[in-house]
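Dear colleague,

Here is the structure that I promised to hand over, and my notes follow directly below it. Please read them with the model open beside you.

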Amino acid sequence: MKYYIIAGERSGDLHGSNLVKAISRLDSQSEFRGFGGDEMSKAGVQLIKHYDQLAFMGFEAVINFYKIARYMRECKADILAYQPDVLILIDYGGFNRRMATFGRKNDIKVFYYIPPKVWAWRQNRAWQLKKDVDRLFVILPFEKEFFKKYGINSDYVGNPVLDAIKAFVPNDKFVQANNLDPKRKIVALLPGSRKMELHRIVPLMAELAISNPLLHFVVAAVQNLPSELYKPLKDLQNVTLVFEATYDLLSHATAAIVTSGTATLETALFKVPQVVVYKAGNLEYAVASKVVKVDYISLVNLIAGKEVVKELIQQDATVEALRGELLRLIEAGEYRENMLKEYDKLYRSLDIGSASENTASLMLKYLKADQKSGA
């Protein structure tokens, strides 16, 4: 069968690549084409556009409206030319919701793996998903019940982040290769993978490092962002930047400062006590605070349904608050131990087998059933 897959961000590229590998094992005649990144390309997807041309967020998306619209037109034309058996959308809600509508209008079956977080805000968009998507494959335990309220067919498949962590093979030379002192405690800094995230969070992380000269801070940096975004941290004596090695870093960290996102879940699954920090533009935050329907911003707290990790958001994200929380995380004691116990519960709730394998198996089952029925 022919599969067209669209992933517009770094995490979607990773999860898309694992899904492609799983489908390939089940469908020997599979062909893949779409939008994604290096991991999907290595897995066998013929890439039409790389995600690094698509990763806009917030105000960035507004000022790049015409560029995004052009990419959408290119994508639609390519889908029609390719004539896939199914269009598989992965996360990247702003772009992919429109592609779902396009797929429906052109009688192309639409599967959505890791659907938009409409439970967090703009819940009425769930009705659009019901209209345009044939099946949702959700990765958080509470999502199935949420979508059920809207009469949407969904399957809880487990979480691909846990898959990636289970498959991770540590680099035995990580400490030596990055000139880290094995006797010193490492504080991991995960500022994110988007320009605006780093623009707002890196200066705060630099202040924290300056105020804690005896701690060794190691930054999970990414290659596809301009190096100047890390400039406030680069020249500090107690800071080291490591590129494309987040999991190795978390394997050695005592504690972590994490920008909200998938990284909060990754950090928890590596059993690293963390504090979550997030800053948005004033207008962006004012709008979000009126429409967001959830009590937390980190996946750890959302899945647990309570505060497991501290969230320092907007005006609460100060160097003083961050420093106080970090000291609590580093010190052995009840606070740190309780967080680790909650991490264990979180791990068990997500550990229902490989999300990629589960999703691939279900997708093939539904596609074959449709072929038999002539749908």
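I begin with Asp91, which counts as buried because its relative accessibility is 17%, where buried means under 20% relative accessible area, exposed over 50% and partly exposed in between, computed with a 1.4 Å probe on protein chains only. Please keep in mind that this is a predicted model, in which local features need pLDDT of at least 70 and side-chain atom pairs count only at pLDDT 80 or more, while totals for chains, interfaces and linings use all residues. Residues are numbered from 1 along each chain as its sequence is written, and side-chain values use heavy atoms, with hydrogens and water left out.

Asp91 lies in the loop between strand 4 (86-90) and helix 5 (93-105), helices (H or I, at least four residues) and strands (E, at least two) being DSSP runs numbered from the N terminus. Its phi is near 55°, a positive value in a residue other than glycine. Ile114 also has a positive phi, near 65°, and is a residue other than glycine; Ile114 sits in the loop between strand 5 (110-113) and helix 6 (125-132), and it is buried, with a relative accessible area of 6%.

Strand 2 (residues 31-36) pairs with strand 3 in the parallel sense over 4 bridges, and Phe35 stands opposite Lys49 in strand 3.

Another open sheet has 6 strands in the order 10-9-8-11-12-13, again with parallel pairing. Its edges are strand 10 (239-243) and strand 13 (310-313), each with a single partner strand, so one side of each is left without a neighbour in the sheet. Here neighbouring strands are turned by 20° against each other on average, direction ignored. Helix 10 (residues 195-211) packs on this sheet, touching strands 8, 9, 10, 11 and 12, with contact meaning heavy atoms within 4.5 Å.

As for helix pairs, the axes of helix 1 (residues 10-26) and helix 18 come within 8 Å and cross at roughly 50°. The two helices are therefore oblique to each other, given that angles under 35 degrees count as roughly parallel, over 145 as roughly antiparallel, 65 to 115 as roughly perpendicular and the rest as oblique. Residues of helix 1 including Asn18, Leu19 and Ala22 meet residues of helix 18, among them Ser356, Thr359 and Met363. In helix 18, Ser356, Thr359 and Met363 are among the buried residues.

Finally, helix 16 (residues 319-330) and helix 17 (residues 334-350) pack at an angle of about 75°, with their axes 7 Å apart, which makes helix 16 roughly perpendicular to helix 17. Glu325, Arg328, Leu329 and Ile330 in helix 16 meet Tyr335, Arg336 and Met339 in helix 17.

With kind regards

Terms used: Two strands pair if DSSP finds at least two bridges between them. Axes are lines fitted to C-alpha atoms, for helices over the stretch in contact, and angles run from 0 to 180 degrees between N-to-C directions.
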